[in-house]
Amino acid sequence: MADAVTEGSRGVAMRILGLELARVTERAAIAAAGLRGQGNEKQADQAAVDAMREELNTLPVDGTVVIGEGERDQAPMLYIGEKIGRGGLAVDVAVDPLEGTTLCAKDMPGAIAVMALAERGSLLAAPDVYMQKIAIGPGYPPGVIDLDAPAHENIAALARAKGVRPSQITALVLDRPRHADLVAAIRATGAGVRLISDGDIAGIIHTTSPDETGIDIYLGTGAAPEGVIAAGALRCTGGQMQGRLILDSAEKRRRAEAMGITEPSRKYELMDLARGDVIVAATGVTDGPLLRGVRFRPNTIETETVVYRSATGTIRRIRGERRRMERDGR
């Protein structure tokens, strides 16, 4: 009975935290949006970091940052290992206060403030290195995709599972020189490629609603921290994902080992990246396909936030309107 009560209390606490996280990402998004189009990536990122940290420290949790903006407290960032909250439920926290710093600095579509929260020990504590990633949305049998298979095999397998021709599949890939061969291999199947300059958390989330986004699969190499946060969102919405850390130097392997990673070449499944009850919140900074950006009105500020929770499989969109305060800028 005591265990049941404890589990019930945890569920209530996590449900309440869903709304609290929306407040955290809203605050970070507003801070960054005040610097949209100013051309200063570091300043916009720092504004989002400062605002997010301040709000995180009001949460009723005993939180540890397992995915952050650095691995040591050498700069005023939300660093890996930092403690946040004012005490309560023990949780892992993964943050990206401003995904798409360049997008914000240039006032381009798709910048978001995003974070994930799960009970302690639920999120992969990954160093700030690159990660190979592959992801698709829900509705397919297990094992449709394989990180170790060539692109043409994954495209063909997904097309068969979807009941369409490869030419009706669209893959999302970060526009980087390292992906030139990957892009060519995808296009050789007849599939389309949509290239993005930044924002692979949102990019992976796009695979969960291909009828709306036009994206069926995500392929390529991006940052490991963003991979873990994206995996948390997929846990909430359904889908499949695999990832592998790129630990191609002794220094990277040492950093990974210090964080408890003992298999440098391990292929992580979705549940390895994010398990248990996971909540993910994201607020738009600039307008994009996932979320509308912050709107500064004469007396109010409008935001759009999405909150995902794996335990209930819910997706909530929140249109916020708050009275402007001096700290909000603009």
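**A loop residue and its surroundings**

Tutor: D107 counts as partly exposed because its relative accessibility is 46%. The scale is relative accessible area with a 1.4 Å probe on protein chains only: buried is under 20%, exposed is over 50%, and partly exposed lies in between. Keep in mind that this is a predicted model: local features need pLDDT of at least 70, side-chain atom pairs count only at pLDDT 80 or more, and totals for chains, interfaces and linings use all residues. Residues are numbered from 1 along each chain as its sequence is written, and side-chain values use heavy atoms, with hydrogens and water left out.

Now the backbone. D107 is not a glycine, yet its phi is positive, at about 55 degrees. D107 sits in the loop between α3 and β4 (112-119). Helices (H or I, at least four residues) and strands (E, at least two) are DSSP runs, numbered from the N terminus.

Who touches D107? T286 does. Contact means heavy atoms within 4.5 Å. Leaving out residues up to four places away in sequence, T286 also touches R36, L103, C104, M108, P109, G110, A111, L291, R292 and G293. T286 belongs to the loop between β11 (278-284) and β12 (295-296). T286 counts as buried because its relative accessibility is 3%.

A pocket is found on a 1 Å grid over the protein atoms alone: it is an open set of points where a 1.4 Å probe fits, with protein on both sides within 12 Å along at least five of seven lines, and lining residues have an atom within 4 Å of a point. The lining has 23 residues, with D96, E99, G100, A223 and E226 nearest the centre. β3 gives the most, with four.

β8 (217-223) takes us to α4: the buried residues of α4 pack against β8, β5 (130-136) and α5 (180-188). Those buried residues are A151, N154, I155, A157, L158 and A159. An α-helix has 3.6 residues a turn, so residues three or four places apart point the same way. α4 covers 151-162, 12 residues in total, and reaches 16 Å from first C-alpha to last. That is close to the 16 Å expected, taken as 1.5 Å times one less than the number of residues. Just after α4, G163 has a positive phi of about 75 degrees.

D148 lies between β5 and α4. D148 counts as partly exposed because its relative accessibility is 49%. Leaving out residues up to four places away in sequence, D148 touches R244 and K267.

One last stop, at Y130. R178 lies over the face of Y130, 4.6 Å from the ring centre. The rule asks for NZ of Lys or CZ of Arg within 6 Å of the ring centre and within 35 degrees of the ring normal.
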